[in-house]
Amino acid sequence: MPDNPAELPLTDAQLGVWLAERGGFGEPGAYQWAEYLELDGPVAVDLLATAVGRTAADCEAVNVRIEAAGSAAAVQWLVADVEHVVETVDLRETPDPDAAALEWMRAAMAEAGGCDAGPLFFGAVLRVSDDRTLLFHRVHHIALDGAGMALFAERVAEVYSHLCEGSPVPPSGWSGLRALVDAEKAYRGSAEHDADGDRWRERLAGRSHFPTLGAGPAAASDRSLRAGRDVPAAEFNELRDGARRLGHRWTRLFTAATAIQLHAMTGDRDVVLSLPVAGRSAELVRRVPAMTANVLPLRLRVDPAASVGRLLDEVAEELRAVRRHQRYRGERLRREVDCPDDGRRFFGPVLNIQRFDRPLRFGSVTATVRNLQAPPSEDLSFFAHDRGDGELRLDFDANPANHGEELLRGVADRFPHVLRQVARAERDTPLARIATTTTGERRRLVALGTGAPASAAPADTAVGRFADRVRRTPDAFAVRCAGTGERLTYRELDGRAAVLAGALVAAGAGPERTVVLLVERSVDLVVAALAVVRAGAAYVPLHRDDALPRQEAVLSDADARLLVTDRHTGGDAIVTYARDRGLRLLDVRAAPTRPPMTRPPGPGRHRTLSPA
């Protein structure tokens, strides 16, 4: 074990975990990594346990004691000569060994505490059959990040293989935590640090608010919801072949598909993802298993009129830039760009790609790695696990404080479909051609559009659900604009939408009619969309940043007779074009103070639009 007789400050990343744990962002046990390796084949269980124990003893990061006296900053002390006892559990005689193993591992996870509650690392070997073994690791996130976990697993495989062969185990070549602490200190006082900060502040200019996919921002919960999907080897090969054909790596296709999915869910073309990075140099990644992970923003432009190739090129450029400037701390950046204090620590949904360069081989047996728990998600997290065994594992984690199981299942079902289309696209394929709904969802939509019977949920309407919410919580806030701070309660939103719906009906809106909305992303846009639906019509949004010919094409295709504008868009060139074509114009806030009808049309007056 590397010698570290003196106390050391925490790395910036360790300090972030320590503060999050102390600040109540999830229970202490939430900040644990947990995974297991499936070993299908003959395994020497005693040698495997020995390999885990020797690797843990050689890893300085899992052999520290973290202390903070009073108001003093937390520090870490090396605990010398720790003996890591790796438990061996035989489950071969249980009725369902695999289920028993999962239950055992989850119980071990539930027993985990905070970074000051005991050993930072725990390992066990579980036998589920004569030729099948599971190697379980649980480690506190303050000790190891994703790169550190991968380095640890690779070393266990190396030690085990040498023990099986009876050959000498070579030194790990690992350095201690002092190398990281010294490197961080030097970086913070360097011109490179200042230049990186300038670059990040410039990159986020005009963007201090980051949307959430949930009902509202929320701090991370104790545990995340999870849905997983396996990508078979043949389909993973197709993804890699498609990436080569498009001139990119498959990881960039995964990133682009994530941005497309989020654009579809939010309508936002300025997509910002949270990207975990190592936060240290490549040399230190290779020789110091530890916790220095950083989370930085990945800002991408998703324009439906742009091509797949253009988005992939932008992804590649942005990823390179993030790697070049990855040591600048994300938590510092959030403070510097005046992010709202809403309990979040990152910049939006998380994109996390974990790869092994080669398969993990324990002697003659190749391991398959299964992640059981990652640190808690504060929004929605997209994980891709390439463990070098030919398959790709997709995991989707969500914060139960602001997401539900239904949303998570929907994302898990749709995303592989989006990823598959990106892999099969040509460079000049418009992003608008990438369908973000599944085949089953489109069939149900077609059935609804043609009036065919559908085995769906009970017949209700968006208008009816909204009215019910107004009755139940009239004074709760329904919508808030981050840019202006304006917000409306459900009662206020209902009143404004009713007024505008009356004006729309008086101007000719109703079933089988289309209303075009040219309204900035604001409270007004929500009012306008709700008003059109209440009037029984359909709405088509126009985007101001689209080229005029595209706006004209959308307006013509919509066959609309009404255009709703706001105080920002009333003077746009497309408004003149619409007026010349005979469209009636309505300002979203210039409707009469009283609607010309006593109430907006009820559910009985709504009809489904027939396809053109």
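In this predicted model, helix α3 (residues 97–110) has the buried residues P97, A100, A101, M105, A108 and M109. The elements that cover these buried residues include β2 (32–40), β6 (121–129), β7 (132–140) and β13 (365–373). The length of α3 agrees with expectation, because its 14 residues, at 1.5 Å a residue, should span 20 Å, and the C-alpha atoms at its ends are 20 Å apart.

Strand β3 (residues 64–67) shows an alternating pattern of side chains. Strand β3 pairs with strand β4 (residues 75–78) in the antiparallel sense, over four bridges.

Parallel pairing is found in an open sheet of four strands, in the order β19-β18-β20-β21. Its edge strands, β19 (538–541) and β21 (584–587), each pair on one side only. From one strand to the next, the twist averages 30°. Strand β18 (residues 514–518) runs parallel to β19 and is joined to it by four bridges; the partner of T514 in β19 is A538. Helix α15 (residues 490–506) lies across β18, β20 (562–565) and β21, and runs at about 170° to β21.

Note on methods:
Residues numbered from 1 in each chain as written. Predicted model: local features only at pLDDT ≥ 70, side-chain atom pairs only at ≥ 80, totals over all residues. Heavy atoms only, no water. Buried < 20%, exposed > 50% of the residue type's maximum accessible area, 1.4 Å probe, protein only. Helix = DSSP H or I, 4+ residues; strand = E, 2+ residues; numbered from the N terminus. Pairing = 2+ DSSP bridges. Expected span 1.5 Å × (residues − 1). Contact = heavy atoms within 4.5 Å. Axes fitted to C-alpha atoms, helices over the stretch in contact; angles between N-to-C directions.
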